[in-house]
Amino acid sequence: MSPSACILIHYHEISLKGDNRGWFEKVFKQNVRKQIKPLPFSSVETNAARVFIFGMDASRWDEYAIELKKVMGLMNAHLMHQVEPEMDAMKSTAAELIATKEFETFRVSTKRQYKNFPFTSQEVNREIGAHLQPLCNKRVKLKGADVDVVIELVKGKAYIGVDKIRGYGGLPVGTGERAVSLISSGIDSPVSSFEMIKRGVSLSYVHFHSAPATSRQSIKNVERLLKVIAGYQIRCDLYNIPLLAIQEKIMETAPSKFWVILFRRAMMRMAEQIADQIDAAALITGENVGQVASQTLSNMRATADAVERPILRPLAGLNKEDIINRAREIGTYEISIEPYEDCCSFFVPIHPETRANLEEVRGIEASIDMTGLYETAMENIEKSTIEGK
């Protein structure tokens, strides 16, 4: 373990905060500590709008990189080596670092927060680059170089590194308010949840199932999905709610083309009850305009009418390919494409309504006797807490 090794983190939107930036930094550092808890480190500190991880093991950089990429609010992180701010020491360290890499092109990128250093950033770039070029005999390339030798001069110290990861940016988990995400084991809702986590929102999750008419596979798949999502959120509360009795009552009474809309109105109502219990400000869905019959604008309006809270739809305007690419990137896709029986798709009629009339939907719903059904469903919730892997 090199005593000079550390990790230097640049955060994302925290830098735009004003007087409360310190609080955002505090939460961000807490999240970093939690994420790298299984790995060695001595401290996580803020210095000149940068976050440093000291006392880390440079030989395990790949493990730190995996965990840090999951920290929301992180723009990038560098494995750095701390040296005295002297040109000879910086040249020597830079030469040692690039000697371990295979590359065809390189560049030097310097940031100088430490203004007492006698050279400008551009002068450092030229000096270090001129020293490295004959040693490696490789070409300098200012855009898209294979290796970027990053130098940061911060408060009397020089930090030099060539290993870097990019994060997802956004805001730290826990800096926003709470919301309830309606999650299935499909592709969209886990991605939708991820996009809200990236905005600092603390999510609790509601999953509706139709057991025993359908298998409990969707519940198992959702638990596996949340194990992945909890890697970004740290921990997730899940509420599994039985929907079958309500669905059966709707199917007994309502025209089949309205089934899915009425199912979704029922789900929104129960999700809002969970939101009431935990003081969550909004509901989150994975709806995408026009993707399926229930997700036309008219049908979304009919669904949203059932509740008072705002329903946020982070994926509303995305192409399916964009959503799939994100699902692959965050690690949920392979679980989401496994076979399962969804509580709504299992009962989809041949000709569902695509442009629901709100007053007609309200009238049909009012004619259905739901006495005791919502209460029974809420009494039979199965709650669990899932920790990140």
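The largest nonpolar core of this predicted model has 38 residues; a nonpolar core is a set of buried Ala, Val, Leu, Ile, Met, Phe, Trp, Tyr and Cys residues joined through side-chain atoms within 4.5 Å. Buried means under 20% relative accessible area, exposed means over 50%, and partly exposed lies in between (1.4 Å probe, protein chains only). Val180, Ile246, Ile250, Met270 and Leu283 have the most contacts inside this core. At least two core residues come from each of β9 (178-182), β10 (202-209), β11 (235-242), α7 (244-253), α8, α12 (358-366) and α13 (373-379). The helices (H or I, at least four residues) and strands (E, at least two) are DSSP runs, numbered from the N terminus. Helix α8 gives the most to the core, with 12 residues. In soluble globular proteins, nonpolar side chains tend to be buried together.

Methionine 270 touches Phe208, Ile241, Leu243, Ile246, Tyr374, Ala377 and Met378, leaving aside residues up to four places away in sequence; contact here means heavy atoms within 4.5 Å.

The charged side chains come next. Across the whole structure, a search finds 26 salt bridges, each being a side-chain nitrogen of Lys or Arg within 4 Å of a carboxyl oxygen of Asp or Glu. In one of them, arginine 309 pairs with glutamate 272, with the closest N and O atoms 3.5 Å apart. This pair links distant parts of the chain, 37 residues apart: arginine 309 is in the loop between α9 (297-304) and β13 (311-312), and glutamate 272 is in helix α8 (residues 259-278). Arginine 309 is buried, at 18% relative accessible area, and glutamate 272 is buried at 12%.

Glutamate 287 and arginine 313 form another salt bridge, at 2.6 Å from N to O. The two residues are 26 residues apart, with glutamate 287 in the loop between β12 (282-284) and α9, and arginine 313 in the loop between β13 and α10 (320-330). Glutamate 287 counts as buried at 1% relative accessibility, whereas arginine 313 counts as partly exposed at 21%. Salt bridges that share partners also join Arg265, Arg269, Asp305, Glu359, Arg362 and Glu365 into one network.

Residues are numbered from 1 along each chain as its sequence is written, and side-chain values use heavy atoms, with hydrogens and water left out. In this predicted model, local features need pLDDT of at least 70 and side-chain atom pairs count only at pLDDT 80 or more, while totals for chains, interfaces and linings use all residues.
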